[in-house]
Amino acid sequence: MIYNELTKKLQKEKLHLTLIDPDKQKVEEAVDLAKEADKAGTDAFMIGGSSPTVVLQLDEVIKKIKETSKKPVILFPSSHAVISKHADAIFFMSLLNSRNTNYLIDEQVKGAPLIKAYNIETIPMGYLIFESGNTCASQFVSDAKLLPADKPEFAVAYALTAQYLGMKNIYLEAGSGAKKSVSNETISKVKENVNIPIIVGGGIKDKNVLREKLDAGADIVVTGTINEGNHNKMVEIIKEVKKFKN
Ligand code: 1GP
């Protein structure tokens, strides 16, 4: 089970997830980046994107990544359409601060029978989207009531809700390409209050910012945009995560 494997690893180290949006590059480029990330020590791949055309190369990208790497491939779906039978697991997530029931429960209901038919492992996750100083695609499409960057108490209440509902992780998301990543204060307040792993992503562009997120209490960090154009920066970030000592 991927969840058990990652949970075990988390007891001794922080984790890095490499987000690959199949819509953002050619299949070969996605595979090259996956190879580099694997070599640098990333812990798993997260596959997804907000564009409706993300499904075009979804299966092929996953199949090819699985031919080149043994690391788990986890779906990070923006809708029920973004499910591939080739994936090892899926973040079965609910966008808790959305005003639209579509992202809270409807997409999940539409996707559940297919997940069962494909026998994909589900990893329940609470997903929260924050203000980031710019409008990211996930903020625009999801109809989220964005969490304020400077009022961590709201994030804490949502994160506790996720935990009490039985979700196994909480994802603090600033949005892909965010100008400002989720604030360190928010991460540390959530960390003080919940005991499920905290995933942080959006706007992590260099190892200094990444380091701050780890120091604040992030258990798992996600990078997406930086991987696409700059493999060196991605490798630097992955190495920084893997050498982090609690
Ligand atoms: C988006 O949190 C991820 O869902 C990654 O964001 O593309 O800014 O790294 P970036």
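# Close-up views

**Figure 1. Asn119 is an exposed residue, with a relative accessibility of 69%.** Exposed means over 50% relative accessible area, buried means under 20%, and partly exposed lies in between, for a 1.4 Å probe and protein chains only. The model is predicted, so local features need pLDDT of at least 70 and side-chain atom pairs count only at pLDDT 80 or more, whereas totals for chains, interfaces and linings use all residues. Residues are numbered from 1 along each chain as its sequence is written, and side-chain values use heavy atoms, with hydrogens and water left out. Asn119 lies in the loop that links α4 (101–118) to β5 (121–129). Helices (H or I, at least four residues) and strands (E, at least two) are DSSP runs, numbered from the N terminus. The phi angle of Asn119 is near 60 degrees, a positive value in a residue other than glycine. Most residues other than glycine have a negative phi.

**Figure 2. Asp143 is another residue other than glycine with a positive phi, here near 55 degrees.** Its place is the loop between α5 (137–142) and α6 (152–164). Asp143 counts as partly exposed because its relative accessibility is 35%.

**Figure 3. Strand β1 (residues 15–20) is mostly covered, with six of its six residues buried.** Leu15, Leu17 and Leu19 point one way from β1, while His16, Thr18 and Ile20 point the other way, and all are buried. Two strands pair if DSSP finds at least two bridges between them. On this criterion β1 pairs with strand β8 (residues 220–223) in the parallel sense, over four bridges. Leu15 stands opposite Ile220 of β8. Strand β2 (residues 44–47) also runs parallel to β1 and is joined to it by four bridges; here Leu19 faces Met46.

**Figure 4. Strand β4 (residues 89–95) is largely enclosed by the rest of the structure, because six of its seven residues are buried.** Two bridges pair β4 in the parallel sense with strand β3 (residues 73–75), and Ile74 stands opposite Ala89 of β4. The pairing of β4 with β5 is likewise parallel and spans seven bridges. In that pairing, Thr122 of β5 is the bridge partner of Ile90.

**Figure 5. Strand β6 (residues 169–173) is mostly covered, and five of its five residues are buried.** Asn169, Tyr171 and Glu173 point one way from β6, whereas Ile170 and Leu172 point the other way, all of them buried. With β5, strand β6 pairs in the parallel sense over five bridges, and Leu128 stands opposite Leu172 in β6. Strand β7 (residues 198–201) runs parallel to β6 and is joined to it by four bridges. The bridge partner of Glu173 in β7 is Gly201.

Figure 6. A polar side-chain atom of Tyr171 lies 2.8 Å from a ligand oxygen atom. On its own the ligand has 310 Å² of accessible area, and the protein covers 96% of it. Accessible areas come from the Shrake-Rupley method with a 1.4 Å probe; for residues, only the protein chains shown count as cover.

**Figure 7. Lys191 is found in helix α7 (residues 184–193).** This residue counts as partly exposed because its relative accessibility is 33%. Leaving aside residues up to four places away in sequence, Lys191 touches Ile198, Ala216, Gly217 and Asp219, where contact means heavy atoms within 4.5 Å. Asn100 is 91 residues from Lys191 along the chain, and the C-alpha atoms of the two are separated by 27 Å.

Key. A polar contact is a pair of N or O atoms within 3.5 Å; within protein, one must be able to donate a hydrogen and the other to accept it, and residues adjacent in sequence count only if both atoms are side-chain atoms.
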